[in-house]
Amino acid sequence: LCTLCVIASTAWSDEVPRRVLLIQDAENREGAEFLADSLRKHQLLVDVQTSDRLFNSLNELKPYACVILADVPRDGDGSHFTDEQIRLLMHHTREEGRGLVLIGGPNSFGAGGWANTELERASPVRFTSPLDLSGGLVLVVDDWRAPMSTHFQRLAAREAMKPLGPNDRFDLIYSDGTARWLDGEGDGIPPIRDRRANLLQRIDRISPGEIASFEEPLGMVIRRFKTTAATVKHVVILSDGSPKPPSDQTLQMLRQNRVRVSTIVMGTAGSDTLRRIASRTGGKYYVVENPRVLPRVCHWEARRVLPYHRFESPDLLQVKIVTPHPIATGVGDKLPPIGGLMLTTTKKDDDVELILTASTTQHDFPLLAVREYGKGRIAALTTDAGARWARSWTSQEHRDTAGKFLSRLMLWSAGIAELQD
């Protein structure tokens, strides 16, 4: 998936120095060096902040004319963008007139868990694929007989839905004496689309009972996924591990149907049954002692259905100028092909400009889109900054052109009135 970079800013002044804040993933600190070096070469001051040491106030953002999110997930190991931090970031852009830039990478945009956030609503692109692809997620929720267990199960289910887009598919299995689907019986799991609010209301009403055996719910999953058009199929089990194990045949059928099952056992003892289910199907196994951690773990697991949000091609994608713009002047038509990007959809709002696309013989994908956002500006570059897909930009032949392009992107986003050719 790509580096996410959104920029919005005001004109440089004595009060706003030529300083930008580059935020990168704490778990993947490589890949933004070329971007930082290019900006410094063009007389910009660059401060680097990792996602495990994020800002917590507007005063911390005020020194910066532009903030860059470079392949940063919303949720990661040891890091987390809270709703309040996202609100501060958008206020800094919208009300203070600063810049926000989203740069792609495997942990950015939709795959990074940014769907359905204020960041996506403000972005010039939707974090959804233009291709007919989707992920399918099913939660199996078992009663683990602990204080407030139902409360945290509901929170976990709500959190699992957050990163899923309108074309993704979600349902939940729980027991009220017999295993049943949250959204009722039927053929396949339909796309979320306008069902999101209804699903959330139903989640808030469930009181999961004890599941006698994992054989029944996993059999239900196999039958339902057989008629579900999902590119990635994933199951997450929440349990204390007490139900009887599924048969070897059921585990084999899950593998044959490419259904991956991750398991979360509540408590300190662990569960050989849940460990075996995860191991046999290619999922992950968690032991969670503190139920407050459960929603975040479910959010991480939900992101595992989102790899289809990126597009990689051995034939490379050709960079094309769609709309003449100061950012691309003199450089946009000289950028070499790229090997991939994050799949997004350009919004049709009047203030959104699609400047660059990356094209195959069959598709034209958004590569760079920008918009005015309140007093500031936002830009979304859907490939990375040279770490993986745009590695050709860092070559001796192309680094000057690519470096100039990235600096012009930041300068425009920061509100410079005129860019020299």
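Me: Where is the place of Ser271?

Reply: Ser271 sits in the loop between strand 12 and helix 9. Keep in mind that this is a predicted model.

Me: Is Ser271 buried or exposed?

Reply: Buried means under 20% relative accessible area. Ser271 has 6% relative accessibility, so it counts as buried.

Me: Which residues does Ser271 touch?

Reply: Leaving aside residues up to four places away in sequence, Ser271 touches Gly241, Val265 and Tyr285.

Me: Now the sheets. What holds the strands of a sheet together?

Reply: Backbone hydrogen bonds pair them, either parallel or antiparallel. Take the open sheet with the order 10-9-8-11-12-13. It has 6 strands and mixed pairing. Its edge strands are strand 10 (179-181) and strand 13 (285-288), each pairing on one side only. Neighbouring strands here are turned by 20° against each other on average, direction ignored.

Me: How many bridges join strand 11 to strand 12?

Reply: There are 7 bridges between strand 11 (residues 232-239) and strand 12 (residues 259-266), and the two run parallel.

Me: Which strands does helix 7 touch?

Reply: Helix 7 (residues 215-226) packs on this sheet and touches strand 8 (135-141), strand 9 (169-175), strand 10, strand 11 and strand 12. Its direction makes about 30° with that of strand 10. Helix 9 (residues 272-281) lies across strand 11, strand 12 and strand 13. Helix 9 runs at about 160° to strand 12.

Me: Which residues of strand 8 point which way?

Reply: In a regular strand the side chains alternate between the two faces of the sheet. From strand 8, Gly135, Leu137, Leu139 and Val141 point one way. Gly136, Val138 and Val140 point the other way, and all of these residues are buried.

Me: What are the partners of strand 8?

Reply: Strand 8 is joined to strand 11 by 7 bridges, and these two run parallel. Gly135 has Val232 as its bridge partner in strand 11. Strand 8 also runs parallel to strand 9, with 5 bridges joining them. There, Leu139 stands opposite Leu172.

Me: What is the strand order of the open sheet of 9 strands?

Reply: The order is 2-1-3-6-19-18-17-14-15, with mixed pairing. At the edges are strand 2 (45-50) and strand 15 (338-342), each pairing on one side only. Neighbouring strands of this sheet are turned by 30° against each other on average, direction ignored.

Me: In what sense do strand 6 and strand 19 pair?

Reply: Strand 6 (residues 99-103) and strand 19 (residues 376-381) pair in the parallel sense, over 5 bridges. Look for Leu102, which stands opposite Ala380 in strand 19.

Me: Which helices pack on this sheet?

Reply: Helix 1 (residues 33-41) is one of them, touching strand 1 (19-24), strand 2, strand 3 (66-70) and strand 6. The direction of helix 1 makes about 155° with that of strand 2. Helix 11 (residues 399-413) also packs on the sheet, touching strand 3, strand 6, strand 17 (352-359), strand 18 (364-373) and strand 19. The direction of helix 11 makes about 150° with that of strand 19.

Me: Next, the spaces. What is the volume of the second largest pocket, and which residues lie nearest its centre?

Reply: A pocket is an open set of points. The second largest pocket has a volume of about 250 Å³. Its lining has 14 residues, with Arg74, Asp83, Asn116, Thr117 and Lys162 nearest the centre. Helix 3 (83-94), helix 4 (118-122), helix 5 (149-161) and helix 6 (196-203) are the elements giving two or more residues to this lining. Helix 3 gives the most, with 3 residues.

Me: How do the residues of that lining divide by class?

Reply: The lining of the second largest pocket has 4 nonpolar, 2 polar and 8 charged residues.

Me: What is the volume of the largest cavity, and which residues line it?

Reply: In a cavity the probe fits but cannot get out. The count comes to 1 cavity of 30 Å³ or more. The largest cavity has a volume of about 60 Å³. Its lining residues are Thr128, Ser129, Leu131, Leu133, Gly165, Pro166, Asn167, Asp168, Tyr308 and His309. By class, that lining has 4 nonpolar, 5 polar and 1 charged residues.

Definitions and conventions: Residues are numbered from 1 along each chain as its sequence is written. This is a predicted model: local features need pLDDT of at least 70, side-chain atom pairs count only at pLDDT 80 or more; totals for chains, interfaces and linings use all residues. Side-chain values use heavy atoms; hydrogens and water are left out. On a 1 Å grid over the protein atoms alone, a cavity is a set of points where a 1.4 Å probe fits but cannot get out, and a pocket is an open set with protein on both sides within 12 Å along at least five of seven lines; lining residues have an atom within 4 Å of a point. Grid points are joined across faces, edges and corners, and a volume is the space filled by probe spheres set on the points. Helices (H or I, at least four residues) and strands (E, at least two) are DSSP runs, numbered from the N terminus. Ala, Val, Leu, Ile, Met, Phe, Trp, Tyr, Cys and Pro count as nonpolar, Asp, Glu, Lys and Arg as charged, and the others, Gly among them, as polar. Two strands pair if DSSP finds at least two bridges between them. Axes are lines fitted to C-alpha atoms, for helices over the stretch in contact, and angles run from 0 to 180 degrees between N-to-C directions. Contact means heavy atoms within 4.5 Å. Buried means under 20% relative accessible area, exposed over 50%, partly exposed in between (1.4 Å probe, protein chains only).
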